[in-house]
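Below is a briefing on one protein chain. The points are grouped by topic.

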Amino acid sequence: MPGGGTAAATPGGAALTTAPSASRSGLPASDAAAPPPPPDAATPSDGGTAAAGGRRVPRRTVRTLGGVALVAVLGIAGTLVLGGGGWPAGLTVDLSAPLDGAGRWVLDNRDTHPLFLYFLLHLSNTATDAVDAVYQVLAAMGWPGVLAAGVLLAWRAAGSGRRGARVACVAFGAFAACGLLGMWDATLLTLALMAVAVAVAALLGALIGLAAGLSDRVDRVVRPVLDTMQVLPAFAYLLPFVLVFGTGTPAALFCTVIYAAPPMARLTALGLRSADQGVLEAAVSLGANGRQRLWTARLPLARRQMLLGLNQTIMMALSMVVVAALVGAGGLGEEVYSALSTVDVGKALAAGVPIVLIAVWLDRTTAAAGDHLDDAAQRRGLLHGRSAWALAAGGVLAAVLVGRALGGAAWPRGWTYDISTPVNRAQDWVVDHLSTGVPLVGGTQVWSDAFTLGLLNPLRDGLQWLPWWALLLAVAVLARLVGTWATALTATAALAATGVLGVWTKSLDTLSQVVAALAVTLVVGVLTGVACARLRWVERWLRPVLDTLQTMPQFVYLIPVVALFGVSRAAAITAAVVYALPAVVRITAQGVREVDPAALEAARSMGASTRQQLFQVQLPLARPALGLAVNQGVVLVLAVVVVGGLVGGGALGYDVVKGLSQGDMGTGVTAGLAIVCLGLVLDRITQPAAREPRP
């Protein structure tokens with residue numbers, strides 16, 4: 001998970017793409033184009049019908065009611081036999097001691113063991129040298145050279161027309177803002193780490209995607225690994241790398257590579273597998289062997305998907321580079337983290353704005369490059385092809401020489417502006433005037449307290465009050481209703497694992513935050529998505545807002561919510577809602593908009609009102625898209641609720657942050673594993689799995 005509705009950067013590894021057709025959005029063609037069934041007809045998704053009181057009831061409804069009845073019966077029986085209470089202490093396994101022991105062994109042998117001396121140490125040194133080399137090149141180019149390189153790269157990628165000029169202006173504004181806000185050196189360090197991480201992640205992802213796209217066996221092996229990485233929050237990557245490589249550049253680089261590689265692998269495999277069969281057959285008929293078909297047909301046909309994968313990889317790498325500041329990566333992320341730790345909203349905003357602008361620049365550049373592929377193959381002239389690259393290179397060289405002649409490699413100190421003081425004053429004004437005492441609406445603090453006391457606390461207390469076996473039973477039934485027995489077993493085992501790890505209570509606290517944030521996200525997101533699908537002017541006004549929100553890394557969301565709501569769980573949940581909302585809105589709008597026009601026309605011809613068309617035609621036919629929106633909302637909300645541990649979210653997120661900051665291997669890894677388990681549970685109960693067809 002960005003700009004223009006092409007792709008979005010999803011911490012936790014979730015890749016989201018939007019496209020103007022059902023087939024490109026991942027929705028089955030049959031679901032996107034099927035006409036609405038008659039009221040009494042069975043639909044394939046219902047699995048048939050059953051007679052009840054003279055009416056035909058869908059089997060899905062019967063199955064759901066049966067599941068609820070089963071949970072109720074087993075719940076009453078379980079209460080009488082097993083009693084209530086939290087997770088039994090006798091069923092826990094303390095991993096803290098062995099994990100802390102492993103951490104001590106690594107620390108004691110990091111400088112002497114052959115594994116470290118002859119392998120891991122070389123990796124660490126190579127990573128450090130690569131990032132330092134890129135940083136030195138950027139610093140030697142000077143600010144005029146870097147500024148010219150960013151602008152001309154954007155212009156060349158987008159073409160020489162109006163779009164190229166617009167993207168070049170975006171690049172100029174992004175780099176100029178980084179310098180004006182006094183973040184030029186931090187920006188260069190972030191760009192150096194980004195350049196190396198994206199290069200390695202893109203290469204690794206392309207190789208994995210190539211193997212998965214050409215081999216069904218490899219695809220079956222790789223897919224569950226990529227699924228696990230998708231639900232694995234960013235924080236879970238950090239601690240093992242810190243333990244092995246220590247704090248600094250190597251740990252940040254390697255965890256960024258692993259986090260950012262999956263979208264490149266997925267989209268490369270997708271592009272290879274969705275290649276036009278007619279073109280491939282034509283290549284075979286011309287006598288091309290397997291290698292020739294790959295280089296002359298498959299890869300050229302897949303380049304658009306591969307470029308989209310590069311877009312996703314860049315956005316996820318930028319998000320992870322910021323999070324990696326927790327382990328000493330430096331750059332803009334460190335500025336944001338240090339400011340948030342002292343609740344200095346002004347300083348955090350000064351570093352957060354450049355992050356957003358760099359994300360927008362990179363997103364617009366890669367998206368424009370994908371749209372420019374077909375035009376670039378047809379156009380010739382001085383401003384196209386190799387001559388355009390030569391002009392861009394010449395422009396960068398000229399800017400570097402000008403910068404050296406002026407004697408200013410670093411951004412001029414007199415050209416900076418400190419926004420931290422006015423921003424902090426604005427925050428104080430917000431706290432004094434908008435937190436309480438606002439007529440009619442109360443204020444942000446009033447909303448925060450009402451949300452915490454009215455929804456969040458009762459939900460958390462209710463989950464923690466329920467018997468442990470009742471929760472396992474409820475998860476099993478829910479997972480079985482939406483999937484298979486394997487899905488139910490996986491979800492139940494994952495939830496039980498949080499109890500075995502000894503963090504049952506904290507896991508339920510985190511789960512309550514995720515559920516509360518998801519409820520708000522779905523209500524607002526689905527309503528907004530429906531409005532965007534039915535009212536074009538709403539979509540036009542919201543598109544730039546959604547584009548901006550989709551390019552913002554996770555940390556940046558914490559800055560405004562801390563200013564409005566203070567350090568609290570409500571602030572963490574608000575950040576999660578804002579982060580997940582664009583994906584839910586886009587998927588919902590796309591699903592509703594792509595309903596078969598023939599179905600709507602048939603409903604209108606039968607006299608259906610606008611409300612009836614929406615609730616009886618569009619929403620039922622858009623059910624696959626709505627299911628995907630729920631699933632993506634879960635993954636994205638979980639990612640930021642955990643990051644919200646930095647601003648008062650507590651629970652598992654706080655334990656991970658504590659483990660990172662204090663080197664507590666047992667606490668950090670245990671909390672990270674529990675987060676992965678929660679992500680797996682939520683993914684399985686919100687993502688329907690294919691059932692075997694009934695005979």
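Leaving aside neighbours within four places in sequence, which residues is Gly-248 in contact with? Gly-248 is in contact with Val-327 and Gly-328, where contact means heavy atoms within 4.5 Å. The model is a predicted one, in which local features need pLDDT of at least 70 and side-chain atom pairs count only at pLDDT 80 or more, while totals for chains, interfaces and linings use all residues. Residues are numbered from 1 along each chain as its sequence is written, and side-chain values use heavy atoms, with hydrogens and water left out.

**Overall make-up**

- The chain has 28 helices and four strands; these are DSSP runs numbered from the N terminus, with helices being H or I of at least four residues and strands being E of at least two.
- Of the 695 residues, 50% count as buried, where buried means under 20% relative accessible area, exposed means over 50% and partly exposed lies in between (1.4 Å probe, protein chains only).
- The chain has an accessible surface of about 31,700 Å², and carbon and sulfur atoms account for 66% of that; the areas come from the Shrake-Rupley method with a 1.4 Å probe, and for residues only the protein chains shown count as cover.

**Confidence**

- The mean pLDDT of the chain is 74, with 75% of its residues reaching 70 or more; pLDDT is the predictor's confidence in each residue, from 0 to 100.
- Among the elements of the chain, the lowest mean pLDDT (38) belongs to helix H1 (residues 29-33), and the highest (88) to helix H19 (residues 485-500).
- Residues 1-54 have pLDDT below 50, and this stretch has 146 contacts in the model beyond near neighbours in sequence.
- Residues 690-695 also stay under 50 in pLDDT, and the model has ten contacts for them beyond four places in sequence.

- Gly-248 is placed in the loop between helix H8 (235-245) and helix H9 (249-273).
- With a relative accessibility of 13%, Gly-248 counts as buried.
- Ser-124 is 124 residues from Gly-248 in sequence, and the two are 9.7 Å apart in space, C-alpha to C-alpha.

**Aromatic pairs**

- There are five aromatic pairs in the count; rings of Phe, Tyr and Trp (its six-membered ring) pair if their centres lie within 6.5 Å, and planes under 30 degrees apart count as stacked, over 60 as edge-to-face and the rest as tilted.
- The ring centres of Trp-87 and Trp-468 are 5.1 Å apart and the planes are at 65°, so this pair is edge-to-face.
- Because Trp-87 lies in the loop between helix H2 (59-81) and helix H3 (96-109) and Trp-468 lies in helix H18 (residues 468-482), the pair ties together parts that are 381 residues apart in sequence.
- Both Trp-87 and Trp-468 are buried.
- The rings of Trp-87 and Trp-504 have centres 5.2 Å apart and planes at 35°, so this pair is tilted.
- Trp-504 lies in helix H20 (residues 504-534) and Trp-87 in the loop between H2 and H3, so this pair ties together parts that are 417 residues apart in sequence.
- Trp-504 is buried, as is Trp-87.
- Ring pairs link Trp-87, Trp-468 and Trp-504 into a cluster.

**Salt bridges**

- The whole structure has four salt bridges, each defined as a side-chain nitrogen of Lys or Arg within 4 Å of a carboxyl oxygen of Asp or Glu.
- One of them joins the side chains of Arg-460 and Asp-461 (3.3 Å, N to O); Asp-461 is partly exposed, with a relative accessible area of 39%.
- Arg-536 forms a salt bridge with Glu-539, with the closest N and O atoms 3.4 Å apart.
- Arg-536 and Glu-539 are three residues apart in helix H21 (residues 536-551), so they are separated by about one helical turn.
- Arg-536 is partly exposed, with a relative accessible area of 47%, whereas Glu-539 is buried at 16%.
- Glu-539 also forms a salt bridge with Arg-593, the closest N and O atoms being 3.0 Å apart.
- This pair links distant parts of the chain, with Arg-593 in helix H23 (residues 569-593) and Glu-539 in helix H21, 54 residues apart.
- Arg-593 counts as partly exposed at 30% relative accessibility.
- Salt bridges with shared partners join Arg-536, Glu-539 and Arg-593 into one network.
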